[in-house]
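Student: I am new to this structure. Please pick one spot, look at it closely, and then show me what the rest is like.

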Amino acid sequence: MEMNVSNNQEQFVAKKSGLNPAMIIPILFLVGVFIYLFVLGNPGNFKDADKLGSGSVAFSDVETKDIHPESFLGIIYKGGFIVPILITFMITVIVFSFERFFVIKQAAGKGNLDGFVMKVRSLLNQNKVDEALAECEMQQGSVGNVLKEGLITYKALSKDTSMNKEQKMVALNKSIEEATTLEMPMLEKNMMILSTLGSVATLIALLGTVIGMIKAFYALGSGGGTPDAAALSTGISEALINTALGIGTSAVAIILYNYFTSRIDELTYKIDEIAMSIQQTFAEFH
């Protein structure tokens with residue numbers, strides 16, 4: 001039993017590898033800034049591009065309020081310095097969603113999960129432990145790994161004469177719980193990022209909206225009774241663009257977070273379902 005626990009710990013250490021947020025997010029921020037400056041800020045997205053020069057609007061001598069967008073990308077650029085932050089949030093949501101998708105898909109195993117569960121339960125009802133182990137070897141993934149550990153413990157306990165039936169049931173249950181506990185961190189890793197961005201993106205967008213509205217009202221209040229139309233439109237557009245980007249990012253993050261959470265819950269339910277079958281089979285035949 002101690003050897004099994006040690007093997008589980010080694011597997012857990014190996015599964016901790018993956019995308020490291022502390023390294024990935026700064027890189028994504030640089031990507032977001034690059035997109036803002038050189039994609040959204042491309043002179044081709046604005047009127048009178050020949051006067052803006054080449055490279056990026058951000059490095060031209062033309063005042064921001066005098067820049068008039070000609071395309072949707074140029075309109076987004078007018079959102080101000082909050083835009084690259086929101087772009088970073090969106091890219092982060094996309095990158096870590098792809099990571100979670102492939103990790104959870106791998107955790108489900110190679111074959112059809114429902115078919116695997118039904119087949120293993122059928123084999124366990126007939127006390128065919130070796131055949132069930134073979135199915136776990138073929139299925140792999142988190143579900144297969146947990147059940148494999150449970151079945152290995154099942155075989156070891158069935159030959160153990162030093163414990164009574166109640167002690168064996170406790171040991172079997174503990175083995176399955178330990179295996180499940182070691183698999184869960186891999187499934188739930190980086191889920192907090194999606195959850196956090198689902199809330200923070202809206203708050204950052206609200207900050208951009210407030211800044212934009214401050215600029216708009218300042219334009220109304222300055223100019224000696226004649227509002228600065230360019231500054232007013234810039235402030236309003238900045239407010240609305242940040243609101244749109246923030247709400248969009250938050251909506252995508254929340255939807256994907258709930259989707260992945262439901263997938264993880266489904267895997268956990270499958271593990272619990274077959275774990276119960278293992279315990280019932282052991283109680284019946286031993």
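**A close look at one loop**

Tutor: Gln 140 sits in the loop that links helix 7 (129-139) to helix 8 (141-158). Helices here are DSSP runs of H or I with at least four residues, strands are runs of E with at least two, and both are numbered from the N terminus. The model is predicted: local features need pLDDT of at least 70, side-chain atom pairs count only at pLDDT 80 or more, and totals for chains, interfaces and linings use all residues. Residues are numbered from 1 along each chain as its sequence is written, and side-chain values use heavy atoms, with hydrogens and water left out.

Now the backbone. Gln 140 is not a glycine, yet its phi is positive, at about 60°. Most residues other than glycine have a negative phi. Gln 140 counts as partly exposed because its relative accessible area is 37%. The cut-offs are these: buried is under 20%, exposed is over 50%, and partly exposed is in between, with a 1.4 Å probe and protein chains only.

Compare Asn 190. Asn 190 is no glycine either, and its phi is positive, at about 70°. Its place is the loop between helix 9 and helix 10 (191-221). With a relative accessible area of 9%, Asn 190 is buried.

Next, helix 9 itself. Helix 9 (residues 165-188) and helix 5 have axes that come within 9 Å and cross at roughly 150°. Axes are lines fitted to C-alpha atoms, for helices over the stretch in contact, and angles run from 0 to 180 degrees between N-to-C directions. That crossing makes the two helices roughly antiparallel; angles over 145 degrees count as such. Helix 5 makes the contact with Arg 100, Val 103 and Ala 107, and helix 9 with Met 186, Leu 187 and Glu 188. Contact means heavy atoms within 4.5 Å.

Phe 101, in helix 5, is partly exposed because its relative accessibility is 34%.

Last, the whole chain. The protein has eleven helices and zero strands. Of its 286 residues, 39% count as buried. Among contacts between residues at least 6 apart in sequence, 75% join residues at least 24 apart.

Technical notes
Angles under 35 degrees count as roughly parallel, over 145 as roughly antiparallel, 65 to 115 as roughly perpendicular and the rest as oblique.
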